[in-house]
Amino acid sequence: MSTEQTFDVIVIGAGSTGENVADTVVRGGLSAAVVESELVGGECSYWACMPSKALLRGTEVLEEARAVSGAAAAVSGQQDLRATLERRNSFTGNWDDSGQAQWVEGAGITLVRGAGRLDGEKRVVVRAADGTETVLVANHAVAVCTGSAAAVPPLDGIEDVDVWTAREATSAQEAPGRLVILGGGVVGVEMATAWSALGSQVTLLQRGDRLLAGQEPEAGDAVAESLRGRGVDVRLGTSVSAVRRDGDDVVVVTSAGEVRGDRFLVAAGRTARTEDIGVEIVGLTAGEYLDVDDSMRVRGVDWLYGIGDVNGRALLTHMGKYQARQGGAAIVARAQGHQVSLADWSQFAATADHAAVPQVTFSIPQVASVGITAAQAEERGLPHTVVRYELGDVAGSALFADGYTGKAVAVVDTDRDVLLGVTFVGPGVSEMLQAATVAVVGEVPISRLWHAVPAYPTMNEVWLRLLETLRG
Ligand SMILES: Cc1cc2nc3c(=O)[nH]c(=O)nc-3n(C[C@H](O)[C@H](O)[C@H](O)COP(=O)(O)OP(=O)(O)OC[C@H]3O[C@@H](n4cnc5c(N)ncnc54)[C@H](O)[C@@H]3O)c2cc1C
Ligand SMILES: NC(=O)c1ccc[n+]([C@@H]2O[C@H](COP(=O)([O-])OP(=O)(O)OC[C@H]3O[C@@H](n4cnc5c(N)ncnc54)[C@H](O)[C@@H]3O)[C@@H](O)[C@H]2O)c1
């Protein structure tokens with residue numbers, strides 16, 4: 001027997017995105033239920049951003065202290081693995097979501113535990129762990145915020161091996177002795193940095209000729225050099241064809257021979273969590289990312305929204321939350337019978353998804369970027385010029401660390417005289433990113449940027465050097 005409840009908006013998935021969609025519509029005066037089959041808070045809180053950054057932070061702090069002569073003398077001994085893992089555990093609330101569930105209820109959102117599935121127009125069936133079913137009916141909209149999962153390539157023998165994905169790599173309670181990682185993207189690079197510093201012998205396999213392939217080349221080159229310097233076996237141009245067990249070992253068969261490890265982490269991208277949510281009822285294909293317009297509405301289905309990782313536009317927590325604010329506002333406006341403008345930068349459009357996605361890779365060195373790369377400007381046929389500057393050559397960097405090395409890269413639209421993209425590579429650059437984001441989103445003219453005077457002696461002085469280099 002199933003019970004039926006009605007809400008203005010039903011959100012499937014209480015990750016960081018779903019929580020924010022529900023919060024936005026409730027603040028807009030609508031009622032909302034959010035359905036969650038695992039932990040309220042989703043991937044970011046328990047198996048992604050938070051635990052991975054907690055694993056990395058100690059290594060970064062030690063590295064920064066060791067790079068300041070005088071301070072370096074105080075850094076002796078090894079990082080405490082147990083304490084690092086316990087600090088990481090505390091950031092995940094020991095994988096207990098009661099705090100976040102409390103927040104949801106406190107925000108006036110109804111939390112429904114169980115797996116949600118579309119069952120008709122504006123109808124969602126929720127199957128709880130005990131098999132009971134509840135039917136939720138939406139007055140206005142259903143927002144699918146079910147996120148993404150690790151994509152595991154169909155390698156020969158993979159079904160016989162206990163593969164690690166980002167979930168196991170971020171929640172492990174011991175450092176693996178030998179860790180073999182497939183994929184030199186963000187997850188592969190961050191996990192190689194974290195676990196190599198915590199005692200694992202890491203081999204990183206990347207099929208392309210560069211790590212962090214979607215970034216400016218300076219990023220992947222610097223990170224590869226750094227990882228090698230800290231003992232990681234980085235193998236570029238290496239593809240993996242098969243994997244097998246041999247006693248306690250995992251044997252990974254690559255285009256350049258076999259690699260043995262205790263653990264095998266697959267970090268080869270993500271796949272949409274749309275397998276079991278009934279998208280077929282609106283003519284969509286299970287397993288594919290939801291194709292949405294800039295208000296996050298699924299094209300062709302006026303009551304259905306796809307927000308966050310599940311739409312594949314920008315797989316980052318802060319972008320999912322941004323889309324939640326924009327899409328949530330659109331849901332509220334449409335419920336009130338208002339027109340929703342999809343014009344660029346309107347209050348309902350997630351325009352930044354196309355032009356200004358900020359991202360920090362917490363490798364050593366860090367990579368902080370926003371907007372498009374020079375290669376993307378080329379692909380899009382945009383008239384542009386690229387300006388590069390050695391970040392180590394400004395006084396603030398020299399103070400930050402002895403022998404600081406880093407790069408700044410700016411892609412400038414030569415027609416419109418505005419920034420298309422900015423990338424910083426180096427220690428401590430994550431905190432420099434927001435200025436670049438404001439400049440890209442605001443399309444601040446280069447002539448006006450000369451008036452944005454960076455404080456001395458900070459690393460931000462590189463902005464002035466980039467402008468001087470551009471002027472020639
Ligand atoms: C290792 C790693 C590190 C990362 N680090 C960062 C970082 O530093 N910064 C950053 O910005 N991004 C980072 N990301 C990306 C970030 O984790 C995601 O972009 C973010 O979690 C997406 O949020 P979401 O709410 O859209 O999806 P999710 O967090 O995946 O949430 C979806 C929720 O839906 C639930 N769900 C799924 N199907 C159903 C169903 N049928 N019924 C009910 N509930 C369902 C799931 O249980 C889950 O709770 C990282 C990713 C990984 C893998
Ligand atoms: N700090 C952050 O913001 C952060 C951290 C981690 C993850 N994330 C998000 O999570 C997403 C997923 O990260 P990811 O690293 O899994 O994906 P990714 O797309 O960044 O990188 C995957 C890498 O694996 C390689 N690859 C894929 N299949 C392969 C194969 N069969 N053999 C060898 N190499 C193969 C690809 O060439 C690519 O370089 C990212 O898009 C990012 O948005 C963000």
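Which residue in β13 is the bridge partner of Val253? The tour below reaches that pair at its fourth stop. The structure is a predicted model, in which local features need pLDDT of at least 70, side-chain atom pairs count only at pLDDT 80 or more, and totals for chains, interfaces and linings use all residues. Residues are numbered from 1 along each chain as its sequence is written, chains are lettered from A and ligands numbered from 1 in the order in which they are written, and side-chain values use heavy atoms, with hydrogens and water left out.

**First stop: the cysteines**

Select Cys44 and Cys49, which form a disulfide with sulfur atoms 2.4 Å apart; the term denotes a pair of cysteine sulfur atoms within 2.5 Å. The structure holds 1 disulfide. The torsion about its S-S bond is about -130°, so the disulfide is left-handed. Cys44 is buried at 13% relative accessibility, whereas Cys49 is partly exposed at 23%. Here buried means under 20% relative accessible area, exposed over 50%, and partly exposed in between, with a 1.4 Å probe and protein chains only.

Next, select Cys145, which is buried at 6% relative accessibility.

**Second stop: the nonpolar cores**

Select Leu136, Val142, Leu419 and Phe424, the residues with the most contacts inside the largest nonpolar core, which has 81 residues. Such a core is a set of buried Ala, Val, Leu, Ile, Met, Phe, Trp, Tyr and Cys residues joined through side-chain atoms within 4.5 Å. Strand β6 (residues 133-144) gives the largest share of this core, 6 residues. Strands (E, at least two residues) and helices (H or I, at least four) are DSSP runs, numbered from the N terminus. Domain 1 (3-41 + 97-149 + 271-352) and domain 3 (365-471) both contribute residues, so the core lies between them; the domain bounds come from an automatic or database domain assignment.

Apart from this core lies another, of 28 residues, among them Leu55, Leu85, Trp164 and Ala267.

Return to Val142 and display its neighbours: leaving aside residues up to four places away in sequence, Val142 touches Ile10, Ile12, Leu118, Lys122, Val124, Trp303, Leu304 and Tyr305. Contact means heavy atoms within 4.5 Å.

Select the 4 strands of the open sheet β10-β9-β8-β14, where the pairing is parallel; two strands pair if DSSP finds at least two bridges between them. At the edges stand β10 (233-235) and β14 (263-266), each with a single partner strand, so one side of each has no neighbour in the sheet. Strand β8 (residues 178-182) pairs with β14 over 4 bridges, and Ile181 has Leu265 as its bridge partner in β14.

Select the 3 strands of the open sheet β11-β12-β13, where the pairing is antiparallel. Its edge strands, β11 (240-246) and β13 (257-261), each pair on one side only. Strand β12 (residues 249-254) is joined to β13 by 5 bridges, and the bridge partner of Val253 in β13 is Glu258.

**Last stop: a loop residue**

Finally, select Ser76, in the loop between α3 (49-66) and α4 (81-91). Ser76 is exposed, with a relative accessible area of 63%.
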